[in-house]
Amino acid sequence: MLAARTGRRHRRLPPVDTAARPPALGLDRLARALEAVAERHQALRARLQDDGSLAVDPVRPEALRAAVRRIGTSGLTPGALCDRIAAAAEEDADSLAPRQGAMVRLSWFDADADADTAPGPGGPATGARQGRLLVTVHHLAVDAVSWHILLTDLYTAWESAGRVAAPRLDAVPLPLDAWSRALRAEAAAPAALAELPYWQRLLRAPHATVAGARLSPSKDIHATAGELRLTLPAETTAPLLTTVPAAFGTRTHEVLLTALALAHTAWRRSDTGSGTALLVDVEGHGREQLADDTDLSATVGWLTTLHPVRVDPGIPDWDPEGDPADLRLGDALRRVAAELARVPRRGLGFGLLRHLNPDTAPALAALPAPRIGFNYLGRAGAQDTGADWSAAPEADALPLGADPRMPMAHAVEVNAVVEEHEDGPRLSAHWLWAGRLLTAEEADELARLWFAALGALVAHTAAAAPAGAASATPVLPQDAADADPGELARLTARTGLPVARLLPLTPLQEGLLFHARYDIRDLDVYNVQITLAVEGPLHAERFRTACDALLRRHPALRAAFLQLRSGDPVQVVPREAAMPWTVHDLSGLGEEERRERAGAVLEADRRRRFDPARPPLMRCTLLVHGEERHTLALSMHHLLVDGWTTSLVLRDLLALFDHDGDDTALPPPADYTAYLRWLADQDAEEARTAWSGALAGLRQPTLLCPGADTARVAALPERVPVDLTEAETAALLDVSRRHGVTLNTLLRVAWALCLQRRTGHRDITFGATVSGRPAELPGVEEMVGLFINTVPVRVRFDPAEPVAGLLERIQGEHAELLPYHHLALPEIQRAAGLGPLFDSCVVVENYPTAASHPGEEPDDGLRLSGVSGHDAYHYPLKLMAAPGTELHLEVSHRPDLVDAGTGRAVAADLRELLTELPGALAVPTERFLRPAPGPAPGQLVERLRELVAEVLRTGPVRADDDVFDLGCDSLGALRLAGRIEAELDRAVDVATVFRCRTARALAAALARPA
């Protein structure tokens, strides 16, 4: 498939190209697929209005069918095919009309002479020729991140259209119109307004300019722009992605911007009075989390942002021919990285204040604007593999660039992307400049100086490393060919399989590996089991083939988890692995015996441990109940998957079953290592500082089972379901909408109140599972691997604060920490300095369910009659929430640490709180707080003896010592009453101390009902 986004007055960006086998497309089937995609994505049915806003129209089936066409290409030579595609791309681009709501066009280039109709369910005929599909979308409706979402959805809908007349896709978690409203509300929020002085200072600060004269919207248009493309060699590009950022604790885009400012200083060397600072407009993905459950991973639209940055390397005399060992180069990179780290919220607030807030827009519009624009797109997406729905080789045939009449936004614009080549990644740069303001020679010099500066930073990094120095831990990911031979041999012997790659662990994987290796004699609660009830004639060997193909398709599922000689954990991915497969034929048993035997087999499978060092950490068990009744149990360790990934695994497994294990009919899988590289690029020190500030002043953790060895698991958790009615769920959602808080926040506050009632604490901490999938990472929604993380949630209760204020405050506090959810929990706890912060957690299942994928039903008469899952956590107490029209909750507790009565009481409290909170938003939080549960009589006497000794500053106090004989007076009695109230959360008047003069008497008085 070829794809291009384009449009009048909006620039076209490099296309994403995929291929399709035309005999399997079918014009009608393709049109029905497009209709389903447009139903899901509002941007494809948006209409541009006179005020520049977008109105969302209902799906218009006739218009969408008219937007799909078939073009016969039978007999065309490759060159002629390229020409035909280029001409069709121009035609499709010209036919887009955003004011009439025409945002998308599909052109199917059919290489088969007589394939006007699609074949039956069996698929394309043998020998059918591969064709092309061109997808053209107006830039108002799509950005770079949106492309992968859109093309994946198109394929999914097309697959489903082969089975059902009207394919349907899941609703988008956050639709485009809801995101637009959220941005407009945020533009007037205090957090955004607080950023205004920062942006004003930045734009007023002295800086050099790339061109003296200002842009003219009538003269400086794209028709008169100059253009240049340069490619950096692989041997220079690779260090820019790995060793340079690693050496200086920066990210690749910070390296690129540092080099750009160095190049500009050298280019304008004669202009010595303008300084070394360069003002640059930087384009961002715009998919920032305004709230903890902001989920833009499936939202299609033009969401990108633009904000200014001030890049000042501080070297006025940098010479491209100079000494690479010049220490100033490293200092320049650190200086730029530090300045960019101060940009609030990745620049999101600038666009809000500049364009969406009428009170602040004039002030920012009056200030100088950057003359140079920069956009780093990261690594390029799909490549040409020759498979169906993969990148097509005719990408260069697509016409790129903006409408010739469109005014230039900057005097100079640089678009950079890393493309994969046979010799490794190469940085490709596309330069555009206003031909009236710069000559071609001047632009060429600036572009080549930029590459020279990048080369200097690479050379400086190599020169700054001590001669012969080697890290004890290799930079990961690492191919086996690049690994230490001795280390590789040791890992190969341990796994028993040839090794392909070494990968780093995510923060949660490190914690899960600890639990998996804590005590191999105990249960491992982190075994995940998914069972599929299948009706119909099941071909067991075909499913086994699909399981093996699943492991080939997703390398992360083949990983073993070991440790290097340095002690550092590592994922070891073998070249290949086969899925362990067990069959239990229960068809000869009676119904009752068969049910009991099946339950026992599945229970034993859940309890059977995986060895993290012996891949794969997956297995499949087939239970045969009868000729057309089967149960498939897919078990895997949590080290490999999270909830979102499990859904993708099931989807791909069933698709591979349909295609006999051939994944060439599926879209190319997303690369999990791109996420691991993103994770390595994050600023850990900045995250530690943020968490340290968020947890400042916390006096004690919230532990329900202090002193217990929670890592040792003797029994699987027991579960107490809590279901809210549709009306009760609607009341919670209404509060969420009216007060701008999320359902997640409501659940967290309710859980915190449950914990407060059991501990008496007014400062509560517990764990929360977060998705970990950064929306800005292209294709992240299709990546298979472990992404989630567990982070602390802190809830401070002020008895006088209204419940509505509490909810809004907690929402804001959580939002500030969203960019730092990637930090490992042990690092967060070290920043707090209190050891383990909690022993309970909250999990909200905000991901596609396993049964929600369209086209999930297998072929050949099979039917999925049920999908269920089993997983657990090691925490003594856990809340699981599954949002829906009826909110489903589940309180699970470990019976070896929390008794059944407590589990039921927590569930009852939770239900009571969630039904009462919506009607009590104006009342003080004190209404829902409870005093601390009283300690046992002996413990209370002991604690009072300690408090008396502390207040009177005396030695050990016995239970029957008279406090006044020990030196207590009226002031001492007042202090003792205050300490009792603070420590035991029980109000005590001074008269009680005078009346009950011993620790034992005080304990008896406190034990009596108030």
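This section describes aromatic pairs and charge–ring contacts in a predicted model.

A search of the whole structure identified 15 aromatic pairs. One of these is formed by Tyr155 and Trp158, whose ring centres lie 6.3 Å apart with an angle of 35° between the planes, a tilted arrangement. The two residues belong to helix H4, which spans residues 144-161, and because they are three residues apart in that helix, about one helical turn separates them. Tyr155 is buried, as is Trp158.

A further pair consists of Trp431 and Trp450. The centres of these rings are 5.9 Å apart and the planes meet at 75°; the pair is therefore classed as edge-to-face, given that angles over 60 degrees fall in that class. Trp431 is located in strand S13 (residues 424-434), whereas Trp450 is part of helix H14 (residues 440-464), so the contact ties together parts that are 19 residues apart in sequence. Trp431 and Trp450 are both buried.

The ring of Trp158, already described as the partner of Tyr155 in a tilted pair, has the charged end of Arg29 over it, at 3.9 Å from the ring centre. Trp158 is itself buried. In another contact, Arg773 is positioned over the face of Phe787, and the distance to the ring centre is 3.9 Å.

Key:
Residues numbered from 1 in each chain as written. Predicted model: local features only at pLDDT ≥ 70, side-chain atom pairs only at ≥ 80, totals over all residues. Heavy atoms only, no water. Phe/Tyr/Trp six-rings, centres within 6.5 Å; stacked < 30°, edge-to-face > 60°. Helix = DSSP H or I, 4+ residues; strand = E, 2+ residues; numbered from the N terminus. Buried < 20%, exposed > 50% of the residue type's maximum accessible area, 1.4 Å probe, protein only. Lys NZ or Arg CZ within 6 Å of the ring centre and 35° of its normal.
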